[in-house]
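Thanks for coming, everyone. Please bring the model up on your screens, and I will walk you through it.

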Amino acid sequence: MTSLDGTTPVVTEQRLDAARRVTWRKSDFGLEESFEYADVLGRLTKSTRTLPSGLSVETVVAWDDSTPGLTTSTATATFS
């Protein structure tokens, strides 16, 4: 992956699971992101973004299968 100008690398490392979904990645700028797919259908259920400053934002996603495409997200920010 590269920046919008197409020349500067953005993601320097990433890990994939057996289904080839990104589970963790880190950018040149020190941003780390992790992703969990704990849903029975393999959908994203949690993501965490951590900045080099220690600020971390965790987003939990709850899927509503009675209404296609409807989700509920809750974000929590912490500083360590």
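Let's start with the sheet. Six strands form an open sheet in the order β1-β2-β3-β4-β5-β6, and the pairing is antiparallel. β1 (11–16) and β6 (70–79) are the edges; each has a single partner strand, so one side of each lacks a neighbour in the sheet. On average, neighbouring strands here are turned by 10° against each other, direction ignored.

Some ground rules. This is a predicted model: local features need pLDDT of at least 70, side-chain atom pairs count only at pLDDT 80 or more, and totals for chains, interfaces and linings use all residues. Residues are numbered from 1 along each chain as its sequence is written, and side-chain values use heavy atoms, with hydrogens and water left out. Strands are DSSP runs (E, at least two residues) and helices are too (H or I, at least four), numbered from the N terminus. Two strands pair if DSSP finds at least two bridges between them. Axes are lines fitted to C-alpha atoms, for helices over the stretch in contact, with angles from 0 to 180 degrees between N-to-C directions.

How many helices and strands are there? Zero helices and six strands.

Now, the pairings. β1 meets β2 (residues 22–27) over five bridges, antiparallel. There, Glu 13 stands opposite Lys 26 in β2. β4 (residues 46–50) and β5 run antiparallel, joined by five bridges. Thr 48 has Glu 58 in β5 as its bridge partner. Four residues sit between the strands in this hairpin, and Gly 54 takes a positive phi near 105°. β5 and β6 pair over ten bridges, again antiparallel. Val 61 faces Ser 73 in β6. That hairpin has five residues between its strands, with Gly 69 at a positive phi near 85°.

Next, Leu 55. It is found in β5 (residues 55–64). Beyond its neighbours within four places in sequence, Leu 55 contacts Arg 49, Thr 50, Ala 77, Thr 78 and Phe 79. Contact means heavy atoms within 4.5 Å.

Finally, salt bridges. The term means a side-chain nitrogen of Lys or Arg within 4 Å of a carboxyl oxygen of Asp or Glu. Side chains of opposite charge can pair when their charged atoms come close. How many salt bridges does a search of the whole structure find? Seven. One joins Glu 33 to Arg 25, with the closest N and O atoms 2.7 Å apart. Glu 33 counts as buried, at 11% relative accessibility. Arg 25, Glu 33 and Arg 49 are linked in a network. Another joins Arg 43 to Asp 39, at 3.0 Å between the closest N and O atoms. Arg 43 is buried at 19%, and Asp 39 is buried at 17%. Glu 58 bridges to Lys 46, with closest N and O atoms 3.5 Å apart. That pair links distant parts of the chain: Glu 58 is in β5 and Lys 46 in β4, twelve residues apart. Glu 58 is partly exposed at 30%, as is Lys 46 at 23%.

Definitions and conventions: Buried means under 20% relative accessible area, exposed over 50%, partly exposed in between (1.4 Å probe, protein chains only).
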